[in-house]
Amino acid sequence: MRKSGPPKGLISYLVLELLDEKPRYGYEILKEINDISGGHWEPSYGSVYPILYKFEDKGWATRIEREEESDRKYFELTDAGREELTEKRRESGGKAADFGDIILGFYHVYVAFATDDRFEVETADGLWRFDETFSSWIIEQLIRHHERDFGTFERIDATPEEFYEREGVEYDED
């Protein structure tokens with residue numbers, strides 16, 4: 001169970017991967033992360049720029065100047081940055097459970113706002129609602145993305161405990 005926010009180091013990892021593709025500036029990185037998330041998440045300037053400066057201090061990235069865009073601060077990954085990226089790729093591979101917990105946790109809260117009598121969330125006209133229709137749309141989008149990226153969606157008829165046991169994953173109820 002996650003205690004808060006996105007998995008630690010997620011933004012740093014994404015910044016390293018994006019700099020590995022080509023030199024970029026902060027706003028470009030923010031927009032690319034927004035695109036990667038399907039338009040549903042964009043970190044703040046206050047999270048990306050300090051990361052870029054930290055990478056520069058550690059020697060993982062260097063600032064480059066472009067005459068045609070002298071007002072932008074571009075950063076380019078160094079060889080040391082590529083070594084760090086290799087390590088971050090290993091670390092990030094172990095964070096799948098964190099991502100799953102975040103997705104499932106927020107979905108459960110979304111549904112609780114729609115179904116739990118303790119919450120009296122008011123619906124604003126013309127905006128999203130906490131209800132069955134919008135819940136169905138969220139699930140539909142997840143299935144469409146799954147099918148686009150992995151193929152036909154097939155339901156899994158297993159409890160969490162059965163699924164974890166079948167997949168050889170430790171089940172932690174905490």
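1. Domain bounds here come from an automatic or database domain assignment. For this chain the assignment gives domain 1 (8-83) and domain 2 (93-165). The C-alpha centres of domain 1 and domain 2 lie 30 Å apart.

2. The model is predicted: local features need pLDDT of at least 70, side-chain atom pairs count only at pLDDT 80 or more, and totals for chains, interfaces and linings use all residues. Residues are numbered from 1 along each chain as its sequence is written, and side-chain values use heavy atoms, with hydrogens and water left out.

3. Helices (H or I, at least four residues) and strands (E, at least two) are DSSP runs, numbered from the N terminus. Helix 1 (residues 10-21) packs on helix 2 (residues 26-36) at an angle of about 105°, and their axes are 11 Å apart. Helix 1 is therefore roughly perpendicular to helix 2. Angles of 65 to 115 degrees count as roughly perpendicular, under 35 as roughly parallel, over 145 as roughly antiparallel, and the rest as oblique. The axes are lines fitted to C-alpha atoms, for helices over the stretch in contact, and angles run from 0 to 180 degrees between N-to-C directions.

4. Which residues of helix 1 and helix 2 meet? Leu-14, Val-15, Leu-18 and Leu-19 come from helix 1, and Ile-29, Glu-32, Ile-33 and Ile-36 from helix 2. Contact means heavy atoms within 4.5 Å. By class, this contact of helix 1 with helix 2 has 7 nonpolar, no polar and 1 charged residues. Ala, Val, Leu, Ile, Met, Phe, Trp, Tyr, Cys and Pro count as nonpolar, Asp, Glu, Lys and Arg as charged, and the others, Gly among them, as polar.

5. Glu-28 is placed in helix 2. Is Glu-28 buried or exposed? Glu-28 is buried, because its relative accessible area is 17%. The cut-offs are under 20% relative accessible area for buried, over 50% for exposed, and partly exposed in between (1.4 Å probe, protein chains only). The side chains of Glu-28 and Lys-22 are joined by a polar contact of 3.4 Å. A polar contact is a pair of N or O atoms within 3.5 Å; within protein, one must be able to donate a hydrogen and the other to accept it, and residues adjacent in sequence count only if both atoms are side-chain atoms. Not counting residues up to four places away in sequence, Glu-28 touches Lys-22, Pro-23 and Tyr-74.

6. Ile-51 lies in helix 3 (residues 45-58). With 11% relative accessibility, Ile-51 counts as buried. Leaving aside neighbours within four places in sequence, Ile-51 is in contact with Ile-11, Ser-12 and Val-15. Ile-51 and Tyr-107 are 56 residues apart in sequence and 29 Å apart in space, C-alpha to C-alpha.

7. Glu-76 belongs to strand 3 (residues 74-77). Its relative accessible area of 32% makes Glu-76 partly exposed. Glu-76 touches Pro-23, Trp-60, Ala-61, Thr-62 and Ile-64, not counting residues up to four places away in sequence. Between Glu-76 and Tyr-25 there are 51 residues in sequence, and 9.0 Å in space from C-alpha to C-alpha.

8. Two loop residues complete the note. Glu-68 lies in the loop between strand 2 (61-64) and strand 3, and is exposed, with a relative accessible area of 63%. The C-alpha atoms of Glu-68 and Ile-102 are 42 Å apart, and the two residues are 34 residues apart along the chain. Ala-124 lies in the loop between helix 5 (96-115) and helix 6 (132-150). Ala-124 is partly exposed, with a relative accessible area of 39%.
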